[in-house]
Structures are given as structure tokens and as C-alpha cells.
Amino acid sequence: MCWLFLVIIINLPYSFCAGKRKSGFYFSMKMSKASVVLLYFGFIFIHCEAKSIREKPQAFESFNVSYIQNLGSCSYSVVFTTSCSSTSYTRDQISIAFGDAYGNQIYVPRLDDPASRAFEQCSSDKFEIKGPCAYQICYVYLYRTGPDGWKPEQVKIYGYNSRAVTFYYDTFIPGDTWYGFNYCNSASSSHRWIGQTSFLFVVLWFVLYALI
């Protein structure tokens with residue numbers, strides 16, 4: 001989508017050239033428009049690049065799980081996609097903990113089930129989980145115990161009060177440590193950044209329109 005905007009913006013000056021006289025004034029205006037277009041182009045390119053950055057999962061040895069799960073009852077769907085470069089199957093014990101920025105945590109001590117052939121290579125497994133009602137899910141941690149190893153490609157979580165969120169792993173989960181992502185602290189700053197960039201888009205568009 002970003003590249004489509006770039007193509008449109010690059011061609012804006014040329015679309016207004018037809019039928020106009022090449023006077024000195026017009027040449028100056030054309031140069032001004034070209035400058036604005038280049039500025040707009042650079043801004044969108046930076047915006048697109050920033051949106052494509054993915055953080056890597058981190059180990060969190062001091063992470064504490066909540067064993068109190070009676071603070072409400074909400075349903076969550078968690079979809080695990082196992083990488084094709086993972087082990088063909090795993091007998092390891094897999095635990096998950098996820099939640100929001102307000103202390104609501106959903107913890108499942110064991111997801112794996114050898115009889116169900118979960119977490120096999122190149123597979124996708126969906127689990128229906130009940131737990132405390134949370135707002136926007138902003139962190140997830142996985143815990144693995146066992147000798148086989150496991151490499152999830154991504155984990156996608158759906159919640160009633162939360163839009164679907166995907167956490168990209170694409171790496172083997174280390175043993176006996178909580179491993180994952182925590183975006184809760186950056187949520188507010190991210191919302192401010194989105195608001196600022198939207199405002200700049202509007203301002204630049206009006207400047208471009210005035211010069212044309």
C-alpha cells in the first residue's frame with residue numbers, strides 16, 4: 001500500500017503539466033511543487049519503513065505468572081503457527097502467559113498434548129482459552145521445558161475486548177525461561193506518534209494543494 005502512495009505522489013507534478021505554458025513563473029512553481037513532492041515522498045518512505053520494523057523476542061527470567069484466574073471469564077483464541085524449520089514434532093511442555101497493560105493476565109500452564117500432535121512442523125494450532133477479561137493484549141510470553149525444542153513462527157491472539165494482535169517469533173524458544181514480547185510500555189507513545197504523523201500528512205497535503 002505504501003508503494004502505491006509513492007507512485008501516485010511521484011507522478012503528481014507531471015499530471016498537472018499538460019496544457020500549461022512553460023513561463024519562468026511556471027518553472028518556479030514547478031520546482032516548488034517538485035520540492036514538496038520530494039519532501040512528501042521522503043516522509044512516506046520513512047513512515048513505511050518504520051511500520052515494517054519488527055522487534056525480536058526477549059528472555060524475561062523475572063517474569064511472574066498470575067495463578068489467580070477467577071477475576072472474570074472471557075474467551076480468547078490463540079493461534080500458533082509452527083515454523084517449517086522447527087523440529088518435526090515436540091514432546092516439550094509449552095506454557096503461555098499474555099495480558100494487557102492493566103495487570104490482567106491469562107496463564108495456561110500447559111498447552112501441548114502429544115496425542116493431538118500439536119506444534120508439529122509447518123502446522124497451525126488453535127486453542128480456545130478462558131481467563132480474566134483483559135483490554136488490548138500487549139504482551140505474550142512462552143515457556144518451554146523438554147529436550148526436543150520448538151520454533152514458532154508467530155502467535156496470534158484474538159480477544160473480546162482486544163483487536164487481533166500477532167507476535168512474530170521465528171526463532172527457537174530457549175528452555176526453562178519465559179520468552180516473548182512486551183509492547184505495553186510503548187502503547188501510549190505509539191498512539192501519540194500515529195496522531196502526529198497523521199497531522200503532518202494533512203499539513204503537507206494542504207501545502208501541496210496550495211502550490212498546485
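This is a short tour of the structure, stop by stop, with something to select at each one.

Before you start, note that this is a predicted model, in which local features need pLDDT of at least 70 and side-chain atom pairs count only at pLDDT 80 or more, while totals for chains, interfaces and linings use all residues. Residues are numbered from 1 along each chain as its sequence is written, and side-chain values use heavy atoms, with hydrogens and water left out.

**Stop 1: the sheet**

Select strands E5, E2, E7 and E8, which form an open antiparallel sheet in that order. Strands here are DSSP runs of at least two residues, labelled E (helices, H or I, need at least four), and numbered from the N terminus. Two strands count as paired if DSSP finds at least two bridges between them. E5 and E8 stand at the edges with a single partner strand each, so one side of each has no neighbour in the sheet. From one strand to the next, the twist averages 15°; the axes behind such angles are lines fitted to C-alpha atoms (for helices, over the stretch in contact), and angles run from 0 to 180 degrees between N-to-C directions.

Now zoom in on E2 and E5, an antiparallel pair joined by eight bridges. Pick Ser 75 to see one of these pairings: its bridge partner in E5 is Lys 130.

**Stop 2: the nonpolar cores**

Next, select Phe 80, Ile 96, Phe 98, Ile 157 and Tyr 169, which touch the most other members of the 27-residue largest nonpolar core. Such a core is a set of buried Ala, Val, Leu, Ile, Met, Phe, Trp, Tyr and Cys residues joined through side-chain atoms within 4.5 Å. Buried means under 20% relative accessible area, exposed means over 50%, and partly exposed is in between (1.4 Å probe, protein chains only). Among the elements giving two or more residues to this core are strand E3 (93-99) and strand E6 (139-145). E2 gives the most, with four residues.

Centre the view on Ile 96. Leaving aside neighbours within four places in sequence, its contacts (heavy atoms within 4.5 Å) include Val 78, Phe 80, Leu 142 and Trp 178. A second, separate core has nine residues, including Phe 63, Val 65, Ala 97 and Cys 184.

**Stop 3: Ser 83**

Move to the loop between E2 and E3 and select Ser 83. Is Ser 83 buried or exposed? Ser 83 is buried, at a relative accessible area of 4%. Its side chain makes a polar contact of 2.8 Å with that of Ser 85. A polar contact is a pair of N or O atoms within 3.5 Å; within protein, one must be able to donate a hydrogen and the other to accept it, and residues adjacent in sequence count only if both atoms are side-chain atoms.

**Stop 4: two positive phi angles**

Select Cys 122, in the loop between E4 and E5. Cys 122 is not a glycine, yet has a positive phi of about 60°. Asp 176, in the loop between E8 and E9, also has a positive phi of about 60°.

**Stop 5: salt bridges**

Finish with the five salt bridges, each a side-chain nitrogen of Lys or Arg within 4 Å of a carboxyl oxygen of Asp or Glu. Show Arg 144 and Asp 92, whose side chains meet at 2.8 Å, N to O. Arg 144 lies in strand E6 and Asp 92 in the loop between E2 and E3, so the pair ties together parts 52 residues apart in sequence. Both are buried.
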